[in-house]
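Work through the exercises below with the structure open beside you. Try each task before you read its solution.

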Amino acid sequence: MKTAGGSPSSINRKLNKNMAKFYITTPIYYINAPPHIGHSYTNIAADTIARFKRTAGDDVYFLTGTDEHGQKIAKSAKEAGLSEQEFSDRMASKFIELWKALDVSYDDFIRTTEPRHIKAVQHALNIMRDNGDIYLGKYEGWYCTPCESFFMEGEGDNNLCPDCKRPLERISEENYFLKLSKYQDWLIEHIKANPDFIKPVSRYNEVLSFLVNNKLGDLCVSRPRSRLSWGIDIPFSKEHVAYVWFDALINYISAIGYASDEAKFNKYWPADIQLIGKDIIRHHAVYWPIMLKSLGLKLPKTIFAHGWWMINQAKMSKSRGNAVNPLDMANTYGLDVYRYFLLRDVPFGLDGNFSDEAIIKRYNSDLANDLGNLVHRTATMIEKYYAGKVPAERRLPESPLNTEIEKLNTEVDASISQADFSLALEKIWVIINQANKFIEDTKPWNLVKEKKREELECFILLLVKVIRTVALSLSAVMPQAAGKISSQFDADVIQKGTPLFPRIIS
Ligand code: MSP
């Protein structure tokens, strides 16, 4: 995409940096149901960071994918009257199509049924078995079939799953276990020594206190084939397949060449940031680091757990029938509006309530009123006073707005690198609002009347600088709208055109 260009800070960012690698991942999604806004949230967030890092000149590897094994998928395939593989193919393509429609610029899409992944999972299992971290034992415990999760004694009130509240089943069988307990103290030390390892800080505290106050039981990493055959074969047992979460977590390394392409793997691992939802923090901040440690691999630099989107304060799910389709949202309000809303309305890390009213409110105030007006008024003035030609560059007088705009890219860069999208957008909007106020205070029509040519030129040039910089800062969040603004303001002849965000009357 053509960038807004011309902003000194953006150029510096590109020149001053050696090309650094940046590896970012999203969870891989279960394919038993079509994607909803919760899934799109993580991928839009990851896409925004990936785009930002690419603009900054980094060598970005952005991974997403689908989690295709396990009981849940086997059950859904059966219900659909398809083989598991056929069902997986059909459902995985829905995710691929959605990411395309939402402008999600991933570099790689991993499916857990791919040979590259299966090979990596089996390789990992062999290593852990050889180093004594995986052993054969007896499993007796409480299990939630829909969530595919085991719970410790006392974790589920009234024998109900703490996550989905459905009844837990008592199970007893021979299985393979990973020695989590062996690594508990090491993990506590790692977390203490690396305050950025788990974010936000509320989740950091949650995981640390869980580890400090509970003794970890070992993790059951297999399932008897007699109960579940839809999984990756355990290389050292004909009777077992891998537990779907063990299989799934390995995707983060199998995609970048673990057990197949050493150079690629060494280039990208460890991940710079792994985005997840808050419900899967334990898998990612406890099991995953221990698996990596057992494999002799480094840990990701940051695991960031975002909050949940609720509908009328309730969880969204297939069974409740209240899941919102991201494509419908993008079609109704525009893709960039949808992306903007998700990233602006709620700080990443907190829960949010999703509603049409909330989108419309944001749209009218932030996009139609603030950004849309600034762009439209400025273009209109350039058309009217200068026949569409931006006046020649000149040194702009010192002003608070000019000083602020110089800092904007650096500030936005810092916030987006921390996955603090709402803060980044707030900062951009401070500038937009200052610029709108600048127009109102300056009263350009008076400058025209009083023939203050130089002042009018400086005024227009500053607004153009603001708009180009804002478009550049917004390009990762709203690629299409920012691209349109940039092209409009980089054209030889600027035209006011039609407003980018006409008001929605509701
Ligand atoms: N397959 C596992 C992840 C394996 S990663 C190695 C899984 N899949 S999932 O499809 O159930 O959920 C994927 C992600 O979607 C999770 O991060 C979850 O937090 C997120 N969300 C599901 N519903 C959500 C909302 N309503 N709001 C925000 N995110 C939500 O778990």
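Helices, with at least four residues, and strands, with at least two, are DSSP runs numbered from the N terminus. With that numbering, Pro-270 falls in the loop between helix H10 (262–268) and E11. The model is predicted.

**Exercise 1. Cis peptide bonds**

Solution: 
- Step 1. Read omega between Lys-199 and Pro-200. It is about -5°, and the bond is cis.

**Exercise 2. A six-stranded sheet**

Task: In what order do the strands of the open sheet of six strands lie, and which are the edge strands?

Solution: 
- Step 1. Follow the pairing. The order is E3-E2-E1-E11-E12-E7, and the pairing is parallel.
- Step 2. Find the edges. Strand E3 (108–111) and strand E7 (198–199) each pair on one side only.
- Step 3. Look at one pair. Strand E2 (residues 59–67) and E3 are parallel and share four bridges. Within this pair, Gly-65 is opposite Ile-110 of E3.
- Step 4. H2 lies across strand E1 (21–30), E2, strand E11 (273–277) and strand E12 (303–306), at about 170° to E1. H4 lies across E1, E2 and E3, at about 160° to E3.

**Exercise 3. Antiparallel strands**

Task: Over how many bridges do strand E4 and strand E6 pair, and how many bridges join E6 to strand E8?

Solution: 
- Step 1. Recall the rule. Strands of a sheet pair through backbone hydrogen bonds, either parallel or antiparallel.
- Step 2. Take E4 (residues 134–144) with E6 (residues 169–178). They are antiparallel over 10 bridges. Tyr-143 faces Glu-169 of E6 as its opposite residue.
- Step 3. Take E6 with E8 (residues 219–220). These strands run antiparallel and are joined by two bridges. Phe-177 has Cys-220 in E8 as its bridge partner.

**Exercise 4. Two packed helices**

Task: At what angle do helix H3 and helix H4 pack, and which residues of H3 meet H4?

Solution: 
- Step 1. Read the geometry. Helix H3 (residues 71–80) and helix H4 (residues 84–101) pack at about 95°, and their axes are 9 Å apart.
- Step 2. Classify the angle. From 65 to 115 degrees counts as roughly perpendicular. H3 and H4 are therefore roughly perpendicular.
- Step 3. List the contact. From H3 come Ile-73, Ala-74, Ser-76, Ala-77 and Ala-80; from H4 come Glu-84, Phe-87 and Ser-88.
- Step 4. Sort by class. The contact has five nonpolar residues, two polar and one charged.

**Exercise 5. Checking a helix**

Task: What span should helix H19 have at 1.5 Å a residue, and which of its residues are buried?

Solution: 
- Step 1. Count. Helix H19 (residues 479–490) has 12 residues.
- Step 2. Get the expected span. The rule is 1.5 Å times one less than the number of residues. For H19 this gives 16 Å.
- Step 3. Compare. The end C-alpha atoms of H19 are 16 Å apart, which agrees.
- Step 4. Find the buried residues. They are Pro-479, Ala-481, Ala-482, Gly-483, Ile-485, Ser-486, Gln-488 and Phe-489.
- Step 5. See what covers them. The cover includes helix H2 (37–55), helix H13 (335–345), helix H14 (356–386) and helix H18 (453–474).

**Exercise 6. Buried or partly exposed?**

Task: Is Asn-436 buried or exposed? How does Ile-118 count?

Solution: 
- Step 1. Recall the cut-offs. Under 20% relative accessible area is buried, over 50% is exposed, and in between is partly exposed.
- Step 2. Apply them to Asn-436, in helix H16 (residues 421–442). Its relative accessible area is 7%, so Asn-436 is buried.
- Step 3. List its contacts. Beyond four places in sequence, Asn-436 touches Asn-369, Asp-370, Asn-373, Leu-374 and Arg-377.
- Step 4. Apply the cut-offs to Ile-118, in helix H5 (residues 115–130). At 26%, Ile-118 is partly exposed.
- Step 5. List its contacts. Leaving out residues up to four places away, Ile-118 touches Thr-112, Thr-113 and Ile-232.

Conventions: Residues are numbered from 1 along each chain as its sequence is written. This is a predicted model: local features need pLDDT of at least 70, side-chain atom pairs count only at pLDDT 80 or more; totals for chains, interfaces and linings use all residues. Side-chain values use heavy atoms; hydrogens and water are left out. Axes are lines fitted to C-alpha atoms, for helices over the stretch in contact, and angles run from 0 to 180 degrees between N-to-C directions. Angles under 35 degrees count as roughly parallel, over 145 as roughly antiparallel, 65 to 115 as roughly perpendicular and the rest as oblique. Contact means heavy atoms within 4.5 Å. Ala, Val, Leu, Ile, Met, Phe, Trp, Tyr, Cys and Pro count as nonpolar, Asp, Glu, Lys and Arg as charged, and the others, Gly among them, as polar. Buried means under 20% relative accessible area, exposed over 50%, partly exposed in between (1.4 Å probe, protein chains only). Two strands pair if DSSP finds at least two bridges between them.
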